[in-house]
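These are my notebook entries on a single chain. I set down what I looked up and how each term was defined.

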Amino acid sequence: MNANIINFVFLILFLIYLYFVYKKGKKYKTDITKAFEILDYYLLKRYNLVGELLENIKSSFQQEEMLIIKIKELIKYDYEILTRHEKLVLNGRITTGLEKLFAAVERLELGDDFLKIKKEIDDLNDVIEKTKKPFNASVNIYNAYLQNPPHCIFTTLFKFNCEEVFGNVSNKIINSEK
């Protein structure tokens, strides 16, 4: 009888432990979602400005036409239906493409419209840099939680998977021009 009571108490304690593992994992996942919503707002604003920027400079130089075509390929997607991972990869590629484009454009004399759009994108890039830090911090905390024993054994039961930080994305499309 005492063994049954002890087993029952351990079972209850174990279930309580599992409950807290689940709740903490969900909290971290929610933190990631909230941080990404803020980051995503600025990524979308920049995403929408890129097409306008490309049209503005397309007529000014022919040498970089392949780079413009590749960046245009990146902004043809319906951004709203992309997954978080796809948005991170896409925006990493856009960032790389814009850096190359801005470096090439420095030597050209372009109008005020271009400079205005470029300033908006530069300002958005600064904001994105600042907003990606809380997102990446949330992802790192969550990923560390998933990998630390003993609850790492149980987080797989709840189908918690490691998340990707913003910045560790593939740039294969843009870099394929080399």
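**Entry 1: contacts of Leu-124**

I looked up Leu-124 and found that it touches Tyr-42, Lys-45, Arg-46 and Leu-49, leaving aside residues up to four places away in sequence; contact means heavy atoms within 4.5 Å. I note that this is a predicted model, in which local features need pLDDT of at least 70, side-chain atom pairs count only at pLDDT 80 or more, and totals for chains, interfaces and linings use all residues. Residues are numbered from 1 along each chain as its sequence is written, and side-chain values use heavy atoms, with hydrogens and water left out.

I placed Leu-124 in helix 4 (residues 112–147); helices (H or I, at least four residues) and strands (E, at least two) are DSSP runs, numbered from the N terminus. Is Leu-124 buried or exposed? Leu-124 is buried, at a relative accessible area of 7%; buried means under 20%, exposed over 50% and partly exposed in between, with a 1.4 Å probe and protein chains only.

**Entry 2: Ile-38**

I found Ile-38 in helix 1 (residues 2–58). Ile-38 is partly exposed, with 48% relative accessible area. The C-alpha atoms of Ile-38 and Thr-131 are separated by 7.0 Å, and these residues are 93 apart along the chain.

**Entry 3: salt bridges**

How many salt bridges are there? I recorded eight, counting a side-chain nitrogen of Lys or Arg within 4 Å of a carboxyl oxygen of Asp or Glu. Side chains of opposite charge can pair when their charged atoms come close.

Lys-27 pairs with Asp-31, their closest N and O atoms lying 2.7 Å apart. These two residues are about one helical turn apart because they are four residues apart in helix 1. I noted Lys-27 as partly exposed at 46% and Asp-31 as partly exposed at 26%.

In helix 4, Asp-123 and Lys-119 are likewise four residues apart, so about one helical turn separates them. Their salt bridge has its closest N and O atoms 3.0 Å apart, and Asp-123 is partly exposed at 35%.

Lys-76 forms a salt bridge with Glu-73, with the closest N and O atoms 3.0 Å apart. Lys-76 is exposed at 54%, whereas Glu-73 is partly exposed at 40%. I also recorded a network of salt bridges that links Lys-29, Arg-84 and Glu-163.

**Entry 4: backbone geometry**

Most residues other than glycine have a negative phi, and most peptide bonds are trans.

Which residues does a cis peptide bond join? I found such a bond between Pro-149 and Pro-150, with omega about 0°. Pro-150 lies in the loop between helix 4 and helix 5 (152–155).

Lys-159 is not a glycine, yet has a positive phi of about 60°. I placed Lys-159 in the loop between helix 5 and helix 6 (172–175), and noted Lys-159 as exposed at 68% relative accessibility.

**Entry 5: Asp-112**

Asp-112 is exposed, with a relative accessible area of 64%.
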